[in-house]
Amino acid sequence: MLNYLIFFPLIAAFAVLILNRGGVKIFSVGVSLVILVLNGKIFIDYLDGVNFDFKLGSKILNLFNYHIGVDSIALILMLLCSLIIFLSFLFLKIEKRAMVCAIFFLEFAIMGLFSALNALLFYVFWEFSLLPLIYIIGVYGKDFRAGVKFFIYAFAGSILMLVAMIYLAYLNYGLLNIWTFDLEIWKNNVSAASFKEQLFLFAAFFIAFAIKSPLFPFHTWAPKVYANAPVLVSVMLVAFKMAPFGFLRFCLPLFPDASVYFTPLIAALCIVSVIYCALIAFRAKDLRELIAYSSISHIGIMILGIFSFNDLALSGSVFYMFAHGLVTAALFLMAQSLYERYKTTELNFYHSLASRAPSFAIFFSILVLASVSLPLTLSFVGEFLILLGVAKLNLLYSFLAGFVVILGAVYMLNLFRKIFFMQKEGEIAKFNLHLRETLALIPIVFLIFYLGIAPKIFLDPLQKDAKVLIEIMNLRAVEQNTLDFLSKIGESNAK
């Protein structure tokens with residue numbers, strides 16, 4: 001079933017090219033719904049104890065073996081991807097076959113990336129995911145230079161990651177006498193890298209993932225892309241948490257000593273990212289720009305939770321990835337809804353939308369409240385767990401990261417006041433949401449409150465897998481300082 005989930009979007013990508021223009025919308029919505037249902041079935045089966053692990057290869061071909069498998073962390077992020085693609089196809093008016101083909105190819109790459117248990121396979125899917133994004137930016141975007149900048153940043157990080165993978169395979173060859181890129185083999189054996197080697201390898205992976213996240217100061221490509229790319233690219237970039245997942249897949253289990261060593265620096269970058277980008281979001285003049293900087297700000301707290309090394313913060317981070325991807329993608333879709341009607345997303349243009357577009361105002365207000373982590377919304381659950389877990393690591397980190405809540409409320413509520421209730425000269429035409437837009441927004445609102453009230457369906461398996469990840473870190477650590485540090489956090493977590 002996992003192979004079906006990976007390759008079905010690839011088949012759909014080629015199939016859409018032979019359709020006539022009128023059938024593209026129905027085909028894209030129908031196929032993406034089938035993929036979403038299949039993804040949901042796999043997640044339910046996983047909760048029932050089914051083990052999804054598939055390996056194709058031999059000892060001779062260990063270097064190139066096809067090995068896939070998932071845990072709850074990967075499955076929840078895959079579920080987010082398939083959900084957002086389905087809702088985007090439903091919400092947007094898409095008639096271009098090439099764009100739909102690119103999105104299905106992107107979904108194929110993303111599903112493969114989250115499932116890959118071979119480092120080379122992960123890298124191949126990572127690179128494949130760049131191709132459709134760059135194509136859409138270059139062909140349908142406002143400025144192709146945004147796509148060039150995105151490619152340069154992403155490819156530079158990818159090269160660092162590839163070099164680190166090859167060197168890590170070489171180190172494992174010296175230990176095991178076999179060439180392999182299998183992540184399970186790497187994780188289940190004693191660390192082949194010395195402490196100094198861990199530092200350099202960790203840095204290569206971290207830079208690659210920090211660029212793609214994006215995390216300050218590697219974020220400078222993102223605003224230009226968000227501003228000039230079609231909305232589908234913006235939606236996919238915020239929904240597909242490939243880079244944060246990479247920290248969990250590679251950095252923590254493979255380089256536990258380096259992860260602990262760099263924690264103060266990473267925490268500083270995350271806190272600066274939270275505060276700096278929130279302040280820029282407050283001064284933003286364009287709605288898409290504001291959402292973009294808001295997204296980068298929230299990514300800072302997400303990554304800080306990952307590097308807190310306790311099951312509360314780790315499970316909270318993955319839960320928050322789902323929440324952030326869902327809510328921020330929906331905000332980008334609603335920004336596109338405004339653009340389709342008024343041909344601008346400049347904030348100074350908008351006023352009095354509460355009376356001019358009441359249905360739009362209702363849905364947008366719910367998304368704003370979820371974005372600022374109002375209790376009973378899913379964002380609150382993730383953010384609360386992260387801050388609680390970070391407090392067990394360092395109380396000062398948690399206090400400073402908590403500004404994401406305060407600053408987020410400031411700029412989002414200020415935005416809501418300006419465009420919905422402020423009175424200005426000039427008339428804005430009335431409008432109601434289309435049926436397709438309403439149908440796409442209803443499940444988003446449902447998930448915002450359902451997972452905010454009953455998050456156990458995600459949190460229980462996430463906490464279990466987070467504990468497994470921490471156990472791997474303890475087993476692979478070679479420095480006594482790392483073991484003492486992890487033991488201290490473990491004791492704090494037990495209390």
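What percentage of the 495 residues in the protein is made up of buried residues? In this predicted model, buried residues account for 61% of the 495 residues in the protein. The secondary structure comes to 23 helices and 2 strands, and the radius of gyration of the protein is 22 Å, close to the 23 Å that the globule rule gives for 495 residues, so the protein is as compact as a globular protein of that length. Along the principal axes, the C-alpha trace spans about 70 × 55 × 45 Å. The accessible surface comes to about 19,000 Å², and carbon and sulfur atoms hold 68% of this surface. Among the contacts in the protein with a separation of 6 or more, 82% are accounted for by residues 24 or more positions apart.

The packing of two helices can be described in detail. The axes of helix α1, which covers residues 2-15, and helix α2, which covers residues 24-47, come within 10 Å and cross at roughly 175°. Since angles over 145 degrees count as roughly antiparallel, α1 and α2 are therefore roughly antiparallel to each other. On the side of α1, the contact is made by Leu2, Tyr4, Leu5, Phe8, Pro9, Ala12 and Ala15, while α2 contributes Phe27, Val31, Val34, Ile35, Leu38, Asn39 and Ile42. By class, this contact of α1 with α2 has 13 nonpolar residues and 1 polar residue, with no charged residues.

Several features of the backbone lie in loops between helices. In the loop between α8 (195-212) and α9 (221-228), where Pro214 is found, the peptide bond from Ser213 to Pro214 is cis, with omega near -5°. Pro217 also has its place in the loop between α8 and α9, and the peptide bond that leads from Phe216 to Pro217 is likewise cis, with omega near 5°.

Positive phi values are found in two residues that are not glycine, Phe309 and Leu376. Phe309, with a phi of about 60°, is placed in the loop between α14 (287-306) and α15 (311-342). For Leu376, phi is near 80°, and the residue is found in the loop between α17 (358-371) and α18 (378-393).

Methods
Residues numbered from 1 in each chain as written. Predicted model: local features only at pLDDT ≥ 70, side-chain atom pairs only at ≥ 80, totals over all residues. Heavy atoms only, no water. Axes fitted to C-alpha atoms, helices over the stretch in contact; angles between N-to-C directions. Helix = DSSP H or I, 4+ residues; strand = E, 2+ residues; numbered from the N terminus. Parallel < 35°, antiparallel > 145°, perpendicular 65-115°, else oblique. Contact = heavy atoms within 4.5 Å. Nonpolar A, V, L, I, M, F, W, Y, C, P; charged D, E, K, R; others polar. Rg over C-alpha atoms; globule rule 2.2 N^0.38 Å. Buried < 20%, exposed > 50% of the residue type's maximum accessible area, 1.4 Å probe, protein only. Areas by Shrake-Rupley, 256 points an atom, 1.4 Å probe, with all protein chains shown as cover.
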